[in-house]
Amino acid sequence: MSAQALPTDSYPRVRRIVLSHEGVLALLLVAELVVFSVIGRNFRSTDNALEIVRLGAEIGLLALALTPVIITGGIDLSVGSLMGLSAVLFGKLWRDAHFPLPVAMAATLAVGALAGLLNASLITRLRIPPLIVTLGSFSLFRGLAEGLTAGVDNFTNFPDAFLFLGQGYFFGAIPAQLPVFAAVALGYGLLLHRTGIGRGLYAIGHSPEGARHAGIPVERRVTLVYLLSGIVASFAAVLYVSHNGQAKADAGTGYELRAITAVVLGGTSIFGGRGTIAGTLIGLFAIVVLQQGLLLSDGPAELAGILVGVLLITAIAANRLVTALASRRTSKGV
Amino acid sequence: MMRKHLREISVAGALLFLLLILLVRSPKFFDAANLRAVIVSDAPVIVAAIGMTLVILARQIDISIGSQFSICGMVAGLLAKQGVPTPVVALATLGTGALFGAINGALVAGLRIPSIVATLATMVTWREAMRWISEGQAVQNLPESFLWLGMSRPAGQALIVLSAFALLLLFAWGLRALPAGRAVYAVGSDAEAARLAGIRPPLVVFGVFVLMGVLTALSALLTAIQFRNVLPGEGAGLELKVIAACVVGGVAISGGRGTLPGALAGVLFLGTIGPALPFLGTQAYWEKALQGAIILIAVASDAINLRRRRDVGASLAH
């Protein structure tokens, strides 16, 4: 809308950015920040700004991992359940098998990699739709976590050095998760937007057949994104355990749908072929800021969920409309 | 016949095999009271699975039914508590479900939003709206006239099970015999071809979502009359449970392929595993893991079969 005020063609680049999905969403995020700075208690403090990162870290990691998965036209419903399984295994390896924490952590990530490979091989070798494969592993991973703990076992009393990762601050202000999360985001950003592998993922999302004809090893690339998704989900579980100080079978319940919401809100097409890491980050923070802002202005927390749902529909409907208008304009021009 | 319905037959066979093991190892499973409890708890899932089968056959998906179920159950409970006559309660509940279904249908068929995203959004919206309004409080002490529809417990149980199976038969017949039923298959197989054949795909898609809403509401109603209290989180996770049952029963997520008897076999098989575990000397906590493994094995065997058949076809073609 605001682009209308600009002279029509002198700022094509500005126009393109502002009118893009990410641009509109970023404006919305700014609007949220302004509103909550006015009506929220202490919203404007740096402490709060950094606390928001802490709240968003675990779901954010899942959202980052899901972005390339969805860009290839796939989906991974199993990441939340894998967090539960990883948390329980991590706790068991440390408490019952007396592994040192770093070793337990490495073993947990290895299990995450195996879980990702299980999804990937069913998807690429047997050509089962990702939605179905990960629906099955969604039950399987959560069920294994419940079975291993008999539904009640809870791992606690982790050493302080480990809890620092989820609860501590660097220099007294920066949540310990922030650098870790930033590193993962940067890694995914580089992979998707600065490498040939990343470009290949978009091509696969547009048309797997076309990508194959273009010489892209489709199966290997698809395997890579699900493998990474498994590792990142396990890593998110370790952060979760450190953040909450306990590991139970229910860790991460429902996180998969929240992460998918952030990704789709951020402009990644559920059909694949389109999306950016920046969009996912903006989508994620639009959701987390809404939750935290409502909390600090004594608004009902549930309103955040309702608004996210409405926002999701509006964002996609608006996106459809803009695309339809644009294609009409170009077809007229030609 | 055997080949065409391989999946339905193999799932039914697996169910029979499970029952056979139970018969040998632990005949106590077949005590009338236990058997009745298992079937009664499956009945609402069967009703929801009918709707989900229609939705998946039309190449759509609805992951908002858990939230719809919760709200419809609460609507039924609140109205019943106000002393509203039971038939009116039932109508209002089904109407609520139809409204939710129509909203999903309008988003998918009208605004052309992919169904997984549209119903993800409505799922979140309804769930949070529910939490806000109910503040997590259950509706307690439902009146006697509402519980089991005012009938004795065995009569109410019989009614629940019979109505679920009657509905299943009705819809199974409708899918085969009615033009509307065949239109669902046609749209799910190839929407463009269906359109050229004179079917209006958006209308069919809208219709299956409305039916899904009504059937979810009925499922919630059949659950609400069984217990003294209605909990606001009752339906959480129902969507994936029902989708899993359909998939195990051979309803293809790519649309246009699958049958209601197959979905029924899926519901009964997954619904029997859980209650059977304690009788077989295993902890009930492993239920979900086993269900997940069954889903993966079912779809994997399907895929391997399909590939083998394709290979045979290819060698014939050469």
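This is a predicted model: local features need pLDDT of at least 70, side-chain atom pairs count only at pLDDT 80 or more; totals for chains, interfaces and linings use all residues.
Local features need pLDDT of at least 70, side-chain atom pairs count only at pLDDT 80 or more, and totals for chains, interfaces and linings use all residues. Residues are numbered from 1 along each chain as its sequence is written, while chains are lettered from A and ligands numbered from 1 in the order in which they are written.

**Chain A**
- Chain A has 14 helices and two strands; helices (H or I, at least four residues) and strands (E, at least two) are DSSP runs numbered from the N terminus.
- The radius of gyration of chain A, taken over C-alpha atoms, is 21 Å, close to the 20 Å from the globule rule for 334 residues, so chain A is as compact as a globular protein of that length. That rule is 2.2 Å times the number of residues to the power 0.38.
- The C-alpha trace of chain A spans about 70 × 55 × 35 Å along its principal axes.
- Buried residues are 46% of the 334 in chain A. A residue is buried if 20 or more other C-beta atoms, placed from the backbone, lie within 10 Å of its own, exposed if 12 or fewer, and partly exposed in between.

**Chain B**
- Chain B has 12 helices and zero strands.
- A compact globule of 318 residues would have a radius of gyration near 20 Å, and the 20 Å of chain B agrees.
- In chain B, 48% of the 318 residues count as buried.
- Helix 9 of chain B (residues 201-224) has 24 residues and should span 34 Å at 1.5 Å a residue; its end C-alpha atoms are 35 Å apart, which agrees. The expected span is 1.5 Å times one less than the number of residues.
- In helix 9 of chain B, 22 of the 24 residues are buried.

**Where the chains meet**
- In all, 40 residues of chain B are in contact with 39 residues of chain A, contact being C-beta atoms, placed from the backbone, within 7 Å.
- Helix 5 (115-134), helix 10 (238-248) and helix 12 (287-317) of chain B each supply at least two residues of the side that touches chain A.
- That side of chain B divides into 28 nonpolar, six polar and six charged residues.

**The largest nonpolar core**
- The largest nonpolar core holds 193 residues, of which Leu62(A), Phe90(A) and Ala49(B) touch the most other members. Such a core is a set of buried Ala, Val, Leu, Ile, Met, Phe, Trp, Tyr and Cys residues joined through C-beta atoms within 7 Å.
- Helix 9 of chain B gives the most to this core, with 16 residues.
- Beyond neighbours within four places in sequence, Phe90(A) is in contact with residues including Ala104(A), Met105(A) and Val241(A).

Methods:
Two residues are in contact if their C-beta atoms, placed from the backbone, lie within 7 Å. Ala, Val, Leu, Ile, Met, Phe, Trp, Tyr, Cys and Pro count as nonpolar, Asp, Glu, Lys and Arg as charged, and the others, Gly among them, as polar.
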